[in-house]
There are 2 protein chains.
Amino acid sequence: MGEFEIIANIRKIAESVPTSGIVRLGVGDDCCLLAPGPGEEIAASTDAVVEGVHFRFDYFSCYQVGAKAMAVAVSDLAAMAASPAAALASVAIPRDKGAPEVEELARGLIETGRRFDCPLIGGDLSAGSSAVVVTVTVFGTVEKGKAILRSGAAAGDEIWVTGAPGDSAAVLACLEAGLEGKNGWLPTPDRKLKEKLLLPEPRLKEALLLAGSGPPSAMIDISDGLAADLGHLLESSGVGAHLYSGSFPVSDFSRSVAEAQGRPPEYFFLHGGEDYELCLTAPPGALSGSRERLEKECGTALLNIGIITGDSGKLVIERPDGRLETVSKKGFDHFNK
Amino acid sequence: MGEFEIIANIRKIAESVPTSGIVRLGVGDDCCLLAPGPGEEIAASTDAVVEGVHFRFDYFSCYQVGAKAMAVAVSDLAAMAASPAAALASVAIPRDKGAPEVEELARGLIETGRRFDCPLIGGDLSAGSSAVVVTVTVFGTVEKGKAILRSGAAAGDEIWVTGAPGDSAAVLACLEAGLEGKNGWLPTPDRKLKEKLLLPEPRLKEALLLAGSGPPSAMIDISDGLAADLGHLLESSGVGAHLYSGSFPVSDFSRSVAEAQGRPPEYFFLHGGEDYELCLTAPPGALSGSRERLEKECGTALLNIGIITGDSGKLVIERPDGRLETVSKKGFDHFNK
């Protein structure tokens with residue numbers, strides 16, 4: 001099957017998904033056309049999922065690669081509290097992957113997009129690369145002035161985190177060790193845990209709910225690890241943070257993997273990536289009502305883990321015994337692994 | 001140097017470029033924010049430049065890869081007659097490329113963006129892929145209802161083409177033959193010809209001028225070869241085409257490369273890709289004034305090469321002796337090289 005037939009097939013699948021009102025022209029021309037409503041702005045973000053960097057086919061299926069690429073892009077919309085509207089995808093793929101694999105990948109993109117009201121309305125396919133690279137650009141709408149930026153945190157704000165960041169990186173550590181035949185001393189992640197890495201769930205519903213009540217003063221999604229991404233937020237806001245390690249939502253699983261590897265128990269919580277949980281700040285008390293709503297309506301925990309300080313750029317952790325540590329904000333750095 | 005420092009450096013270069021009015025928030029958050037004017041729509045397109053598919057480092061510099069990635073994306077805006085407003089880039093790069101090379105690539109992206117009023121306002125860097133993949137998403141503005149689509153051609157319309165498509169693919173054939181030590185019988189492209197491949201010039205000024213006078217009924221940029229891209233236009237419009245081979249703007253260079261390879265003289269004109277010239281249609285006489293203006297104001301030729309027919313999907317070429325040929329619309333197909 002040639003590229004044009006593959007694209008025609010993908011187009012058929014994509015066109016079965018209804019598009020939102022802002023999409024004036026979708027699949028099939030040189031550009032798509034978007035027209036936001038009078039009080040709206042368009043939020044846009046681009047994100048790549050790269051073979052050998054973000055995944056290996058040893059433990060990812062083509063469907064999961066497409067699904068993850070869409071999910072991580074939608075997560076960027078969630079981090080701004082923007083409502084998804086449409087997506088474009090660009091896929092580079094080696095020639096040894098056939099038409100069925102390309103279509104599975106596209107199905108992962110399209111079905112995940114549909115789940116989040118983010119229909120795929122265009123894209124680009126290049127066969128002959130030496131690795132799979134899937135780049136997704138998402139478009140969302142947000143009421144003018146209502147996007148939640150990284151730059152709004154102020155000294156005294158509380159710092160909150162959704163879910164239990166760290167599981168995704170802990171699962172990855174187990175899978176990688178398994179490939180090297182060294183996983184005897186590591187726990188075996190079950191299917192539900194594995195899906196945290198393979199099919200991460202962007203916290204879109206949570207973000208929109210939080211934006212409607214509170215709202216947060218600043219927000220970011222955790223793709224490179226809490227320390228690194230909170231670090232970006234601190235830098236954008238020109239503030240510091242004081243965290244209480246006793247309040248960290250570290251799962252038993254990520255704690256046990258860290259300990260089996262001789263690392264501190266909160267290692268994956270602080271420095272693991274790819275969970276796509278949210279880290280946010282809000283004035284004291286502003287989110288106390290949201291906590292229960294998030295738990296009830298989304299089944300997602302929201303925990304206060306610290307406070308914003310005026311000590312610009314400084315990230316300090318207080319241990320239960322009162323000991324203070326300054327933390328490197330470095331998370332997953334693609335050049336310094 | 002780590003990823004975050006490289007990104008900080010690129011950000012500094014990018015931030016030195018002024019952004020247009022529709023960009024409400026640029027570099028540095030989870031998303032950029034765009035707010036078009038009341039009578040405007042946003043045109044958006046994503047396009048990838050992939051090592052091993054679109055270029056090799058044997059004859060491309062990092063700067064040229066970045067520049068080409070931006071130019072081909074801007075060309076999609078030109079094809080809709082949209083005015084560039086901003087761009088996002090996603091770069092996947094092997095670890096053996098260092099910080100200077102990443103910054104050269106970013107400089108190519110940013111400087112080319114600036115030339116076309118398309119500032120880079122965000123992106124994504126992944127180091128550790130096995131090939132360089134640069135994906136650029138561009139945003140442009142166009143007056144509501146004024147975008148020139150692929151679907152507007154009607155029987156009786158004239159078919160026009162800018163420049164002399166084919167040179168880029170002919171240059172590529174020479175460079176590839178040179179790498180294999182087999183270029184003795186091929187002409188050596190000079191610097192100006194080489195730049196048609198290495199630093200293609202999107203026909204933006206031309207497209208906006210044409211849209212303001214005429215306007216064209218349909219338009220597409222030629223990235224996969226005239227036959228393939230005109231084929232897309234015919235399919236979208238539900239029409240056919242009758243071309244006169246005697247009127248094809250085939251350069252002496254592309255003719256001589258084709259002949260040296262034992263191919264028909266118009267081979268690269270019809271089936272070569274990567275020129276990013278425009279193919280457009282317009283009612284008879286509508287573009288007669290534009291031809292001279294394009295020549296004078298842009299130094300770009302505009303030639304009438306045929307006529308749209310009601311024979312849906314059929315692409316026929318009439319030879320000077322009156323002989324008729326049906327042409328395959330296949331151009332550069334990434335799966336069927």
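Two strands pair if DSSP finds at least two bridges between them. Keep that rule in mind, along with how elements are named: helices (H or I, at least four residues) and strands (E, at least two) are DSSP runs, numbered from the N terminus.

Now the ground rules. This is a predicted model, where local features need pLDDT of at least 70, side-chain atom pairs count only at pLDDT 80 or more, and totals for chains, interfaces and linings use all residues. Residues are numbered from 1 along each chain as its sequence is written, while chains are lettered from A and ligands numbered from 1 in the order in which they are written.

Let's start with the sheet in chain A. Seven strands form an open sheet, ordered E8-E10-E7-E11-E9-E12-E13, and the pairing is mixed. Strand E8 (218-221) and strand E13 (324-326) of chain A stand at the edges; each has a single partner strand, so one side of each lacks a neighbour in the sheet. From one strand to the next, the twist averages 25°.

What lies across E8 and E10 of chain A? It is H2(A), running at about 170° to E8(A). On angles: axes are lines fitted to C-alpha atoms, for helices over the stretch in contact, and angles run from 0 to 180 degrees between N-to-C directions.

For chain A it gives domain 1 (3-143) and domain 2 (150-326). Their centres, taken over C-alpha atoms, are 26 Å apart. In the contact between them, 17 residues of domain 1 of chain A meet 18 residues of domain 2 of chain A. Contact here has a cut-off: C-beta atoms, placed from the backbone, within 7 Å. Helix H2 (residues 62-80) of chain A gives the largest share of the domain 1 side, eleven residues. By class, that side has eleven nonpolar, three polar and three charged residues. The classes: Ala, Val, Leu, Ile, Met, Phe, Trp, Tyr, Cys and Pro count as nonpolar, Asp, Glu, Lys and Arg as charged, and the others, Gly among them, as polar.

Next, the two chains. The contact takes 60 residues from chain A and 59 residues from chain B. Which element gives the most to the chain B side? E3(B) does, with nine residues. That side divides into 30 nonpolar, 16 polar and 13 charged residues. Strand E3 (residues 40-50) of chain A runs antiparallel to E2(B), joined by three bridges. One partner pair there is Ala44(A) and Cys32(B).

How are the copies related? The same surface serves both: 100% of the contact residues of chain B recur in chain A.

Last, some pairings in chain B. Strand E7 (residues 158-162) and strand E11 (residues 302-309) of chain B are antiparallel, over five bridges. There, Thr162(B) has Leu302(B) as its bridge partner. Strand E9 (residues 240-244) of chain B joins E11(B) through four bridges, also antiparallel. His242(B) stands opposite Ile307(B).

Note on methods
Two residues are in contact if their C-beta atoms, placed from the backbone, lie within 7 Å. Domain bounds come from an automatic or database domain assignment.
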